[in-house]
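Colleague: Please take one part of this model and go through it closely, with the cut-offs behind each term. I would like the overall setting first, and then the residues.

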Amino acid sequence: NEGKLAIWSNSNRVYVDFSKQKVNEATIDIYNVLGQKVSSEKWGKSSVYSRELNNLDAGYVIVSVKTDLGVSTKKVFISNTR
């Protein structure tokens, strides 16, 4: 799947796997289901990006990754345990 990014979640963390990509710079935006941006970061490494989301209740978030290859978007489930 060249050009495809693996995006997933585990517990209260979101992951994006850039290890098979040649990414100069990516912008990773995370939105709640209302469309409000809860996180935005730049990433430029060929490794796995990880972001902990402690400030959200359990539910779905939308992860949008913009690179020079295009935009990848995926809805993932966050299960915060407080």
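Modeller: The answer below goes from the chain as a whole to a few residues and their contacts. This is a predicted model, in which local features need pLDDT of at least 70 and side-chain atom pairs count only at pLDDT 80 or more, while totals for chains, interfaces and linings use all residues. Residues are numbered from 1 along each chain as its sequence is written, and side-chain values use heavy atoms, with hydrogens and water left out.

The protein chain has zero helices and seven strands (DSSP runs numbered from the N terminus: H or I of at least four residues for helices, E of at least two for strands). The order from the N terminus is therefore β-β-β-β-β-β-β. For 82 residues a compact globule would have a radius of gyration near 12 Å, and the protein chain agrees, with 12 Å; the radius is taken over C-alpha atoms, and the globule rule is 2.2 Å times the number of residues to the power 0.38. Along the principal axes, the C-alpha atoms fill a box of roughly 35 × 20 × 20 Å. Of the 82 residues, 37% are buried (under 20% relative accessible area; exposed is over 50% and partly exposed lies in between, with a 1.4 Å probe and protein chains only). Of the contacts (heavy atoms within 4.5 Å) with a separation of 6 or more, 52% are between residues 24 or more positions apart.

Valine 16 has a relative accessible area of 0% and so counts as buried. Not counting residues up to four places away in sequence, valine 16 touches Leu5, Ala6, Ile7, Ser47, Val48, Tyr49, Val63 and Val65. Valine 65 is 49 residues away along the chain, yet the C-alpha atoms of valine 16 and valine 65 are separated by 8.5 Å.

Tyrosine 49, one of the residues that valine 16 touches, is itself buried, at 0% relative accessible area. The chain has three aromatic pairs (rings of Phe, Tyr and Trp, the last by its six-membered ring, with centres within 6.5 Å; planes under 30 degrees apart are stacked, over 60 edge-to-face and the rest tilted). Among them, tryptophan 8 and tyrosine 15 are stacked, 5.3 Å centre to centre with 15 degrees between the planes. Tryptophan 43 and tyrosine 49 instead form an edge-to-face pair, with 5.3 Å between centres and 80 degrees between planes. Tryptophan 43 is buried, at 16% relative accessibility. Tyrosine 15 is also buried, at 19%, whereas tryptophan 8 is partly exposed, at 32%.

Strand β6 (residues 59-67) holds valine 61, which is buried because its relative accessible area is 2%. Leaving aside residues within four places in sequence, valine 61 is in contact with Val14, Ile30, Tyr31, Leu53, Leu56, Lys74, Lys75, Val76 and Ile78. The C-alpha atoms of valine 61 and leucine 34, 27 residues apart along the chain, are separated by 9.2 Å.

Serine 11 is not a glycine but has a positive phi of about 60 degrees. Its relative accessibility is 33%, so serine 11 counts as partly exposed.
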